[in-house]
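Please read the points below with the structure open beside you.

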Amino acid sequence: MSANEHLEERREASTASLALVVGILIGTAFAFLAATAPFTHLMGHSRAAVASAFHGLSAFLYLIVGTIGLYLAWRLWTGRIRAFADLQLLATVSATLSFIAILFGNWLYIYYRATDPESPRSWFMANMPMIHKIFFEFKEFVALFTLPLTVAAAFILWYYGAHVLDRKWMRYTVAVLLALSFFYLVVAFGLGAAVTKLRPA
Amino acid sequence: MNTKLITQDREVEVARTPPATRHRESGPAVAAIISAMLGMLTLALVNLGTQASKAFNTWVHGIGKLWMPGAEGIGPYSGKETLSALVWIGSWIVLHVALRNRDLNLGRWLIVFLIGIGIATTLLWPPVFEYLAGH
């Protein structure tokens, strides 16, 4: 038996490390903003520029965090996770990013479904009705699933702490929650990107 | 706490901090997943209702307009989100209080959760809800 098999990181994440991760995320966003100034070039020129930029940015960040979370979820499922504290942080950040993406998605939706003939929905209904009726409608609903799934995962990880590692079904439950949230994220992200590509708001 | 681990080749020290929290019953975990499932099912059923009935659709939009900024532009979706969130958070509080001292079979409830989320996803697939709504 090698020594490495005994290397488990069971320490729980501290509030300071959580604040640090959130700080780094926000700092990264501002650094990106500053590096691509002027501001209007980053946002674009459409009336929905701010809403769509932040919706896309938060969804993209969530996709990155969710991908790492999916890997850690798999490690948790198999019982061979070494970065439990990281998983706690990732689940929390995922839930936060899901909430932010939904918030800006709501704002963007106002421009998407505006009644004027130039709005994306009006355009799709006139030219490609199935895009709105099937893909967009499905996307707008399943995107919401990511929030309760990630919040439930984060709650279990923080409430039970490292005890999660000792309880098989607790591990399976968190792994399933994170895997499902990633599935719904990818569906919503893919359909959202496709719709935006076809007709930006 | 550091534990000395002696292997065939060498002696290493492994950081192994014992869990800081006491043993907790599985009830709160069940409450967390079942309430999430109820929120998702609510979204699916409310959406189905809005597709089937114009009066219900107007009522759901009215719920969103009660508090959500921009709900007029967002449309009935604002009410669907609101009702889904209310059921999710409300049922979570109730179930958490009711189950916090109970040790339940988490595996069984995880299966219930998966069936529920499967039903919610199916009901939200537009061809399915349009068929059920009689369109």
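1. Helices here are DSSP runs of H or I with at least four residues, numbered from the N terminus, and in that numbering Ala85(B) is found in helix 4 of chain B. The model is a predicted one, which should be kept in mind throughout. Ala85(B) has 16 other C-beta atoms within 10 Å and is therefore partly exposed. Its C-alpha lies 24 Å from that of Leu106(B), a residue 21 positions away in sequence.

2. On chain B as a whole, the secondary structure consists of 6 helices and 2 strands, and the order along the sequence is β-β-α-α-α-α-α-α. Of the 135 residues in chain B, 33% are buried. Among the contacts in chain B with a separation of 6 or more, 64% are between residues 24 or more positions apart.

3. Leu178(A), whose place is in helix 7 of chain A, may be examined individually. It counts as buried because it has 29 C-beta neighbours inside 10 Å. Leaving aside neighbours within four places in sequence, Leu178(A) is in contact with Gly69(A), Leu70(A), Ala73(A), Ala91(A) and Ala153(A).

4. How do helix 6 of chain A and helix 1 of chain B cross? Their axes come within 9 Å and cross at roughly 170 degrees, which makes helix 6 of chain A roughly antiparallel to helix 1 of chain B. Phe141(A), Leu149(A), Ala152(A) and Tyr159(A) are among the residues that helix 6 of chain A brings to this contact, and Ala32(B), Gly39(B), Met40(B) and Asn47(B) are among those from helix 1 of chain B. By class, the contact has 16 nonpolar and 2 polar residues, with no charged residues.

5. The largest nonpolar core has 89 residues, of which Ala152(A), Ala153(A), Ile156(A), Val174(A), Ala32(B) and Ile33(B) touch the most other members. At least two residues each are supplied by helices of both chains, including helix 4 (84–112) of chain A and helix 5 (106–123) of chain B. Helix 6 of chain A gives the most to this core, with 18 residues.

6. A last point concerns Ile156(A), one of the core residues that touch the most other members. Apart from neighbours within four places in sequence, Ile156(A) is in contact with Val164(A), Met170(A), Thr173(A) and Val174(A), as well as with Ala29(B) and Ala32(B).

Technical notes
Residues numbered from 1 in each chain as written. Chains lettered and ligands numbered in written order. Predicted model: local features only at pLDDT ≥ 70, side-chain atom pairs only at ≥ 80, totals over all residues. Core = buried A, V, L, I, M, F, W, Y, C linked by C-beta atoms within 7 Å. Buried ≥ 20, exposed ≤ 12 C-beta atoms within 10 Å, placed from the backbone. Contact = placed C-beta atoms within 7 Å. Axes fitted to C-alpha atoms, helices over the stretch in contact; angles between N-to-C directions. Parallel < 35°, antiparallel > 145°, perpendicular 65-115°, else oblique. Nonpolar A, V, L, I, M, F, W, Y, C, P; charged D, E, K, R; others polar.
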